[in-house]
Amino acid sequence: MKTTRLTVAQALVRFLDNQYIEFDGKEIKFVEGIFAIFGHGNVLGLGQALEQDSGHLIVRQGRNEQGMAHVAMGFAKQKLRKQIIACTSSVGPGAANMITAAATATANRIPLLLLPGDVFATRQPDPVLQQIEQSHNLSISTNDAFKAVSKYWDRVSRPEQLMTACINAMRVLTDPAKTGAVTLALPQDVQGEAYDFPEYFLQKRVHRIERTPPTNAMLQDALKLIQSKKKPLIVCGGGVRYSEAAEQLKAFAETFDIPFAETQAGKSAVVSDYYLNVGGVGETGCLSANLLAKEADLVIGVGTRYTDFTTSSKWIFQNSDVDFLNINIARFDAYKLDGVQVTADAKETLEKLTALLQPTGYKAQWGNQIAEAKAKFAEELHRIYHITYNGEKDFVPEVNDALDCEKVFAEFTQITGSRLTQSRVLGILNETLGENDIIVGAAGSLPGDLQRAWQSKGVDTYHLEYGYSCMGYEVAASLGAKIAQPHREVYTLLGDGSYMMLHSELVTSIQEGKKINVVLFDNMTNGCINNLEIGHGMDTFGTEFRFRNAATNKLDGGFVPVDFAMNAASYGCKTYKVTNEEELRAALADAAKQSVSTLIDVKVLPKTMIHGYGSWWHVGVAEVSTKEKIQEAYQNAVKRIDEARRY
């Protein structure tokens with residue numbers, strides 16, 4: 001048996017450099033590179049191996065461990081899960097910083113390989129720097145915390161274990177039904193230990209992502225169900241994009257006159273103006289999709305996890321005869337909502353269903369309702385995209401619930417000089433950005449507004465992380481999307497709260513020469529949660545960014561102003577301060593000409609997000625309260641729960 005003597009870290013690098021994906025006959029290198037923040041737990045092991053010979057792996061320097069892992073996730077998502085960037089950190093806090101990113105990747109089914117350093121396997125120097133000692137179990141380290149958020153977890157405590165750990169890591173990372181975060185904990189002493197690794201472990205390895213076909217029994221069950229229904233509605237999930245099944249979805253919809261709605265992950269699989277695309281559905285859905293959802297007697301979920309936002313907490317599908325047909329590569333998701341299960345590839349299933357159903361002459365019986373719903377939405381979209389505020393007293397914001405918004409607006413305007421509404425800014429952005437430009441978002445009020453109103457002009461241009469709704473994903477993932485597709489302009493849309501959570505990889509974008517454009521909506525508020533509490537009977541509490549008031553000892557003083565443009569300029573970004581439409585248009589035009597990353601600091605009136613459209617979201621509401629409005633909110637929740645499916 002031919003062997004090569006290498007350290008564990010050197011063998012790991014050699015292995016990663018030799019992994020490839022084959023999909024539909026096309027071969028692609030699977031591991032594009034490694035993001036690293038070096039410390040004592042990895043620099044002399046994995047760091048040494050990469051310095052000695054990184055092969056074709058591109059080594060990049062992160063600024064924050066969570067941030068660099070979100071870059072890797074954004075890259076993999078934009079690559080439709082066909083390519084990844086691995087991430088390595090030191091032990092302790094460096095590793096712990098990646099736990100949030102691991103959870104984000106696992107929730108969204110995005111492949112993410114994490115290589116945190118670990119404490120000494122020998123235990124000789126224990127407690128080593130940054131080691132947590134658990135007196136009841138000395139084998140526990142920070143990295144055990146990854147178990148809850150990883151799809152595969154392993155600790156390489158001996159050199160021989162690297163081989164099975166790596167093989168199993170690839171098994172999970174390349175499985176479309178089971179992918180997510182994979183964590184290989186690497187004790188720092190073991191990283192430097194040498195072993196005679198067999199050449200067959202180090203050789204080129206091609207992982208074929210197969211298109212799992214539906215069985216005949218699955219297809220017959222699906223056909224029988226469809227033919228028994230008059231008003232089916234397709235829900236286009238992220239699986240449509242990852243399966244690259246958009247054309248097959250369109251063909252199926254066209255052939256049988258079936259409209260389709262979009263989830264956050266499925267949006268931009270097909271452009272928004274396509275005549276059967278009725279837009280986002282559910283709690284953050286738009287007018288047209290939610291109108292049809294309530295009448296649909298069959299929901300055909302294609303590659304969707306049926307999250308509570310997609311189903312409006314299992315409430316939006318109000319037809320008493322509604323059934324579900326679940327086309328999903330993951331059996332776990334195919335089982336949801338007691339649906340007919342087609343556990344198979346989306347593209348293959350749609351092709352076969354179209355061929356089998358077409359000879360029957362089946363047509364959905366929506367009549368003019370699809371066109372009428374889209375027309376109503378187009379009218380509503382024009383309205384919300386043109387909402388302006390000029391200081392008039394009769395102005396009613398989309399989100400106010402009888403609060404004294406006029407007072408808040410006056411205070412905000414006095415500080416910033418801006419009267420821009422959030423929906424108007426989105427309208428200008430949607431009008432201005434090119435058809436191939438990518439927008440990236442994740443948390444706060446913007447994902448809801450974007451799913452309700454954003455019109456995707458190009459395919460795969462809508463990049464939202466909403467499986468975990470992770471604040472801080474946005475800037476980092478934009479860099480990942482730019483690395484994945486450097487020929488496209490990438491725009492980060494995020495609030496001031498998310499920006500302050502994590503924006504360190506702006507520096508990495510400057511370092512790497514990968515320009516991204518950050519459009520920051522500064523309303524001095526965690527606006528989404530502010531709306532949530534107001535909408536459920538509370539006053540504003542702990543969600544506006546205000547100074548502590550010496551008189552009340554509460555956070556109810558004046559707004560805390562922040563100059564975000566100055567912050568980004570210190571990193572080397574080209575920046576802009578925007579308080580009116582003319583400044584916004586000028587900033588967007590100039591930003592498009594820049595070669596370095598940009599930040600547009602847009603001051604936006606709080607409480608001007610877009611309202612919901614006939615949806616409901618199940619959140620915990622106090623059963624007992626001294627406030628009448630909270631009591632009303634609780635009674636409303638009881639009523640809605642009674643109208644929703646139980647599971």
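Is Gln451 buried or exposed, and what is its relative accessible area? In this predicted model, Gln451 is buried, with a relative accessible area of 3%, where buried means under 20% relative accessible area, exposed over 50% and partly exposed in between, using a 1.4 Å probe and protein chains only. The model is predicted, and local features need pLDDT of at least 70, side-chain atom pairs count only at pLDDT 80 or more, and totals for chains, interfaces and linings use all residues. Residues are numbered from 1 along each chain as its sequence is written, and side-chain values use heavy atoms, with hydrogens and water left out.

- Gln451 belongs to helix H19, residues 446–453; helices (H or I, at least four residues) and strands (E, at least two) are DSSP runs, numbered from the N terminus.
- With neighbours within four places in sequence set aside, Gln451 is in contact (heavy atoms within 4.5 Å) with residues including Glu262, Thr263, Gln264, Lys267 and Tyr462.

**Helix H11**
- Helix H11 (residues 246–256) has as its buried residues Ala246, Gln248, Leu249, Phe252, Ala253, Thr255 and Phe256.
- These buried residues of H11 pack against helix H9 (216–227), strand E12 (232–236), helix H10 (238–242), strand E13 (260–262), strand E15 (298–302) and helix H15 (346–357).

**Cysteines**
- The structure holds zero disulfides, a disulfide being a pair of cysteine sulfur atoms within 2.5 Å.
- Cys166 is in no disulfide, and the nearest cysteine sulfur, that of Cys87, is 16 Å away; Cys166 is buried, with a relative accessible area of 1%.
- Cys528 is likewise in no disulfide, the nearest cysteine sulfur, that of Cys470, being 14 Å away, and Cys528 is partly exposed, with a relative accessible area of 23%.

- Phe38, Val43 and Leu44 form a nonpolar patch on the surface, with about 300 Å² of accessible area together, as given by the Shrake-Rupley method with a 1.4 Å probe, where for residues only the protein chains shown count as cover.
- Patches are made of residues with over 30% relative accessible area and no salt bridge, like charges being joined within 9 Å and nonpolar side chains (Val, Leu, Ile, Met, Phe, Trp, Tyr) within 5 Å; a salt bridge is a side-chain nitrogen of Lys or Arg within 4 Å of a carboxyl oxygen of Asp or Glu.

**Record annotation**
- An unreviewed UniProt entry gives residues 32–134 the annotation "domain: Thiamine pyrophosphate enzyme N-terminal TPP-binding".
- The end C-alpha atoms of residues 32–134 lie 37 Å apart, and the span is 34% helix and 21% strand.

Technical notes. UniProt positions renumbered as here; feature names shortened; annotations may be inferred.
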